[in-house]
Amino acid sequence: MGKIFAVANQKGGVGKSTSVVNIAAYLGTRDYRVLCIDADPQGNTTTGFGIRKKTVKLSTYDVLIGNSRIQDAVIHTDFSNVSILPATEDLAGCEVELYNIENRMNRLKMQLLTCKLDYDYILIDCPPALGTLTLNSLVACDSIIIPMLAEFYALEGLSQLVNTVKIVKSNYNPSIEIEGILFTMFDGRLNVANDVVAEVEKYFPGKVFQTKIPRNVRISEAPSHGQPVIYYDKSSKGAESYIMLGQELLGEKPEPPKKKRRGIFTFNK
């Protein structure tokens with residue numbers, strides 16, 4: 001039965017969509033069947049896999065509103081073993097439309113129960129807000145991955161999200177746990193970055209991923225080519241870090257890639 005991760009943070013620009021795309025792509029290369037749920041009206045995960053929103057006929061909006069079964073809306077991507085429930089601009093109005101619908105917090109969960117056995121892993125890209133779409137994702141998931149920047153302002157947002165998770169756990173989803181806190185756009189040369197990591201590790205022992213995702217040009221370029229970075233440039237530091245993160249998620253010891261040695265020239269005496 002597939003494990004469901006919600007990738008969430010109410011702060012935008014922390015690498016939620018990038019992380020969903022690249023974690024999914026890596027798991028797919030390991031022959032795991034992966035489904036991505038794009039629950040963000042911005043649809044960055046959708047475009048990150050090279051899918052043009054104008055060509056999408058059924059989306060997350062249709063599934064949540066009840067116009068479509070999730071099986072009919074899922075699209076197979078061009079990347080090994082990865083499928084996606086895409087998002088379009090229609091999803092922006094979903095919060096209002098769900099307001100008067102019965103069991104509105106369980107809409108995504110009920111749909112995923114019908115297809116969970118078809119996948120090994122399901123990753124949900126949540127919008128940067130603690131609204132109905134994010135709450136649907138938290139109710140539906142087994143655990144939550146929290147991408148965040150190593151900045152002091154990010155600590156306040158983390159506290160708010162953790163409080164929301166506690167409320168969801170008490171009222172809707174007693175099994176939800178924090179899978180891990182993922183530092184993105186990380187620069188270990190900065191004292192403030194290391195101080196923030198130390199602070200988070202202090203309050204969340206054992207919940208901070210060993211792998212840190214660095215700032216990397218290739219990670220920024222890959223979405224414009226409609227590719228995960230591990231396909232766009234597998235040898236880049238960004239790709240290598242997401243490969244290590246994938247290994248960590250699978251319970252394996254992250255192994256930094258072996259660096260190619262330069263040729264050694266010998267001279268005859």
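The structure is a predicted model, in which local features need pLDDT of at least 70 and side-chain atom pairs count only at pLDDT 80 or more, while totals for chains, interfaces and linings use all residues. Residues are numbered from 1 along each chain as its sequence is written, and side-chain values use heavy atoms, with hydrogens and water left out. Helices (H or I, at least four residues) and strands (E, at least two) are DSSP runs, numbered from the N terminus.

Helix α12 spans residues 237-249 and has 13 residues. From its first C-alpha to its last, helix α12 reaches 18 Å, close to the 18 Å expected at 1.5 Å a residue; the expected span is 1.5 Å times one less than the number of residues. Because 12 of the 13 residues of α12 are buried, the helix is largely enclosed by the rest of the structure. The buried residues are G238, A239, E240, S241, Y242, I243, M244, L245, G246, Q247, E248 and L249. Contact means heavy atoms within 4.5 Å. The elements that cover the buried residues of α12 include the strands β1 (3-7), β6 (143-148) and β7 (177-183). Also among them are the helices α1 (16-29), α10 (217-221) and α11 (229-232). Helix α12 is followed by G251, whose phi is positive, near 80°.

Two helix pairs were examined through their axes, which are lines fitted to C-alpha atoms, for helices over the stretch in contact, with angles running from 0 to 180 degrees between N-to-C directions. Angles under 35 degrees count as roughly parallel, over 145 as roughly antiparallel, 65 to 115 as roughly perpendicular and the rest as oblique. A crossing is left-handed if the near helix is turned anticlockwise from the far one by less than a right angle, and right-handed if clockwise.

On the α1 side, T18, S19, N22, I23 and Y26 take part, and they meet Y242, I243, L245, G246, Q247 and L249 in α12. The residues of this contact of α1 with α12 divide into 6 nonpolar, 5 polar and no charged. In this classification, Ala, Val, Leu, Ile, Met, Phe, Trp, Tyr, Cys and Pro count as nonpolar, Asp, Glu, Lys and Arg as charged, and the others, Gly among them, as polar.

The other pair consists of helix α8 (residues 152-171) and helix α9 (residues 191-203), whose axes come within 10 Å and cross at roughly 25°. This angle makes α8 roughly parallel to α9. The crossing of α8 and α9 is right-handed. The contact is made by F152, L155 and L158 of α8 together with V192, D195, V196, E199 and V200 of α9. By class, the contact of α8 with α9 has 6 nonpolar, no polar and 2 charged residues. In general, an α-helix has 3.6 residues a turn, so residues three or four places apart point the same way.

Single residues were also considered. Residue V197 is found in helix α9 and is buried, with a relative accessible area of 7%. Not counting residues up to four places away in sequence, V197 touches F183, F186 and K212. The C-alpha atoms of V197 and D120 are 77 residues apart along the chain and separated by 31 Å. Residue I146 lies in strand β6 and counts as buried at 0% relative accessibility. Beyond residues up to four places away in sequence, I146 touches A8, N9, L158, L161, I178, G180, I181 and L182. I146 and I178 are 32 residues apart in sequence and 7.9 Å apart in space, C-alpha to C-alpha.

P223 is placed in the loop between α10 and α11 and counts as partly exposed at 41% relative accessibility. C-alpha to C-alpha, P223 and N44 are 8.4 Å apart in space, and 179 residues apart in sequence. N81, in the loop between β3 (75-76) and β4 (82-85), has a phi near 65°, a positive value in a residue other than glycine. N81 is partly exposed, with a relative accessible area of 33%. N103 lies in the loop between α5 (94-98) and α6 (107-112). Phi of N103 is near 55°, which is positive in a residue other than glycine, and N103 counts as exposed at 52% relative accessibility.

Terms used. Buried < 20%, exposed > 50% of the residue type's maximum accessible area, 1.4 Å probe, protein only.
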